[in-house]
Amino acid sequence: MPRRGRGGGGMAAEGDVELDDGAGGRAAEKPRKHDSGAADLERVTDYAEEKEIQSSNLETAMSVIGDRRSREQKAKQEREKELAKVTIKKEDLELIMTEMEISRAAAERSLREHMGNVVEALITLTN
């Protein structure tokens, strides 16, 4: 016997799926999603392109940094010259080296920074 139509009286046949959304037979609308990601990306890249660094600003910044470094280097050299002029006693140097167990260079530096005052140099080294 050939098969006729669907099963009787509005019942769904096997394999058919009925959707009941409670809205009288209409399928529920899907919520709209924000899919303008590509547009947002374009705005960001456009903004970045407009804000390029000008070469003159870069050159100015580099010259300021260079000037500052040269001034610091010059001040450091002058400080070293002043420290080299300070006279220190050999006995004080040996005392600091033996008592603090530090190198000759470190002991000499400390003495020179404190203008040859062995007590101040020792106090600074212990702190």
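In which helix is L58 found? L58 is found in helix α2, which spans residues 55-85. The model described here is predicted. The protein contains five helices and zero strands, and its elements run α-α-α-α-α from the N terminus on. Of its 127 residues, 9% are buried. A search of the whole structure finds three salt bridges.

**Surface patch**

- L58, M62 and I65 make a nonpolar surface patch of about 300 Å².
- L58, a member of this patch, belongs to helix α2.
- The relative accessibility of L58 is 48%. L58 therefore counts as partly exposed, because that class lies between the under 20% of buried residues and the over 50% of exposed ones.

**Helix packing: α3 and α5**

- Helix α3 covers residues 90-100 and helix α5 covers residues 118-126.
- These two helices pack at an angle of about 20°, and their axes are 11 Å apart.
- The pair α3 and α5 is therefore roughly parallel, since angles under 35 degrees fall in that class.
- The crossing in which α3 passes α5 is right-handed.

**Helix packing: α3 and α4**

- Helix α4 covers residues 104-113.
- The axes of α3 and α4 come within 9 Å and cross at roughly 120°.
- The crossing of α3 and α4 is right-handed.

**Loop residues with positive phi**

- E101 is not a glycine, yet has a positive phi of about 55°.
- E101 is placed in the loop between α3 and α4.
- With a relative accessibility of 71%, E101 counts as exposed, because exposed means over 50%.
- M115 is not a glycine either, and its phi is positive at about 55°.
- The loop between α4 and α5 holds M115.
- M115 has a relative accessibility of 58% and so counts as exposed.

- Side chains of opposite charge can pair when their charged atoms come close.
- R109 forms a salt bridge with E80, and the closest N and O atoms of the two are 2.6 Å apart.
- This pair links distant parts of the chain, with R109 in helix α4 and E80 in helix α2, 29 residues apart.
- R109 has a relative accessibility of 33%, so R109 counts as partly exposed.
- E80, at 34% relative accessibility, also counts as partly exposed.

- E113 forms a salt bridge with R109, with the closest N and O atoms 2.9 Å apart.
- Both E113 and R109 lie in helix α4, four residues apart, which is about one turn of the helix.
- Through salt bridges that share partners, E80, R109 and E113 are joined into one network.
- E113 counts as partly exposed because its relative accessibility is 34%.
- R112 and E108 meet through their side chains in a salt bridge, at 3.0 Å from N to O.
- R112 and E108 are separated by about one helical turn because they are four residues apart in helix α4.
- R112 has a relative accessible area of 18% and is therefore buried, as buried means under 20%.
- E108, the partner of R112, has a relative accessibility of 26% and so counts as partly exposed.

Methods:
Residues are numbered from 1 along each chain as its sequence is written. This is a predicted model: local features need pLDDT of at least 70, side-chain atom pairs count only at pLDDT 80 or more; totals for chains, interfaces and linings use all residues. Side-chain values use heavy atoms; hydrogens and water are left out. Patches are made of residues with over 30% relative accessible area and no salt bridge: like charges are joined within 9 Å, nonpolar side chains (Val, Leu, Ile, Met, Phe, Trp, Tyr) within 5 Å. Accessible areas come from the Shrake-Rupley method with a 1.4 Å probe; for residues, only the protein chains shown count as cover. A salt bridge is a side-chain nitrogen of Lys or Arg within 4 Å of a carboxyl oxygen of Asp or Glu. Buried means under 20% relative accessible area, exposed over 50%, partly exposed in between (1.4 Å probe, protein chains only). Axes are lines fitted to C-alpha atoms, for helices over the stretch in contact, and angles run from 0 to 180 degrees between N-to-C directions. Angles under 35 degrees count as roughly parallel, over 145 as roughly antiparallel, 65 to 115 as roughly perpendicular and the rest as oblique. A crossing is left-handed if the near helix is turned anticlockwise from the far one by less than a right angle, and right-handed if clockwise.
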